[in-house]
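Here's a quick briefing to read with the model open beside you.

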Amino acid sequence: MISTIGIVGAGTMGSGIAQVGARAGLRVVMRDVSDEFLKRGLAAIDKSLQRDVDKDRLTVEAKREIVARIRPTTSLDDLRDAEFVIEAVNEDLIVKSEIFRQLDGITRPGVILASNTSSISITKLAAVTSRPDRFIGMHFMNPVPVMKLVEIVRGAATSVATYDATQQLAGAMGKISVEVNDSPGFVSNRVLMPMINEAIFAVYEGVGTAGAIDEIMKLGMNHPMGPLELADFIGLDVCLAIMNVLYDGFDDSKYRPCPLLKKYVDAGWLGRKSGRGVYQY
Ligand SMILES: NC(=O)c1ccc[n+]([C@@H]2O[C@H](COP(=O)([O-])OP(=O)(O)OC[C@H]3O[C@@H](n4cnc5c(N)ncnc54)[C@H](O)[C@@H]3O)[C@@H](O)[C@H]2O)c1
């Protein structure tokens, strides 16, 4: 039974995973590169839990205990006693590979290393470690405390025992897991991102306004958010990075990122987080 997890990255996803883990009673060691990033992650956790306190879904005492189970650190070495590690740093193969190389040396050999990557090959990341059988994709959805799904991604060498332990951990964290095999974008982003990209093409070609396209998908297809609203929520830079992974991974022009998406990212219009994306905030 796992009681301590390590998390690398205290951003949107890392802090969300830490919160859900600690709320499920796990001890969490959360690492980021600076105190400033850790503080921002802890503030996000505090804000999210406070909402539950305000709505009487959590007591002040329980909130205090959850926060106390999270140990922030800037030292990767502090993850040496973790029994399971989840990486959630920026979507960058080189950065992630370096972290896994280090984690492979720091953690005990039996420890499972998991990546929350949205699209990077699990098989490729696993290959930088000496334990590709104990390596897996654990793709949480944003916002982590709200979304039920974890897409569990089996790499080429992932063992059955690793899959079972990961599924058990996801269940203990209150999540429902769905199993997929390693392939560019897995299933979630293989299906979602081309839809978002196509919606941006429809704006680019003047087929309809952004508002019209989102209304059609909400009212006509029952999507809770339109694809363009959702793109701004995810981050247009993230959407572009994932389209590039699909495009390169399949060598197929059907995944070509829309020039308008590239233009927005070049302009620094990254969505909600930058105040402007497809829409202005
Ligand atoms: N945002 C989403 O909607 C979403 C959803 C599912 C999966 N993901 C994936 O989760 C991962 C993280 O995304 P995010 O949105 O949380 O990004 P983010 O930018 O909010 O956070 C990334 C964090 O990683 C930290 N970091 C960078 N290098 C580090 C290192 N060497 N050690 C420790 N920390 C380091 C950064 O300082 C930052 O705080 C990515 O792989 C992304 O593709 C994102």
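An oxygen atom of the ligand is 3.2 Å from a polar backbone atom of Val89, which counts as a polar contact (a pair of N or O atoms within 3.5 Å; within protein, one must be able to donate a hydrogen and the other to accept it, and residues adjacent in sequence count only if both atoms are side-chain atoms). Keep in mind that this is a predicted model, where local features need pLDDT of at least 70, side-chain atom pairs count only at pLDDT 80 or more, and totals for chains, interfaces and linings use all residues. Residues are numbered from 1 along each chain as its sequence is written, and side-chain values use heavy atoms, with hydrogens and water left out.

- For Glu91, a polar side-chain atom lies 2.5 Å from an oxygen atom of the ligand.
- On its own the ligand has 830 Å² of accessible area, and the protein covers 84% of that (Shrake-Rupley method, 1.4 Å probe).
- There are 22 residues around the ligand (a heavy atom within 4 Å), and Met13, Asp32, Glu91, Lys96 and Ser118 come nearest.
- Helix 1, helix 2 (35-54), helix 4 (93-106) and strand 6 (135-140) each supply at least two residues of this shell (helices are DSSP runs of H or I with at least four residues, strands are E runs with at least two, numbered from the N terminus).

**Nonpolar cores**
- The largest nonpolar core has 33 residues; such a core is a set of buried Ala, Val, Leu, Ile, Met, Phe, Trp, Tyr and Cys residues joined through side-chain atoms within 4.5 Å.
- Ile17, Val28, Met30, Phe84, Met138 and Phe140 touch the most other members.
- Helix 1 (residues 12-23) gives the most to this core, with five residues.
- A second, separate core of 25 residues includes Ile213, Leu236, Leu246 and Leu270.

**Zooming in on Thr162**
- Thr162 lies in helix 6 (residues 160-172).
- Is Thr162 buried or exposed? Thr162 counts as buried because its relative accessibility is 1% (buried is under 20%, exposed over 50%, partly exposed in between, with a 1.4 Å probe and protein chains only).
- The side chain of Thr162 reaches the backbone oxygen of Asp133 at 2.7 Å, although the two residues are 29 apart along the chain.
- Another polar contact, at 2.9 Å, links the side chains of Thr162 and Ser159.
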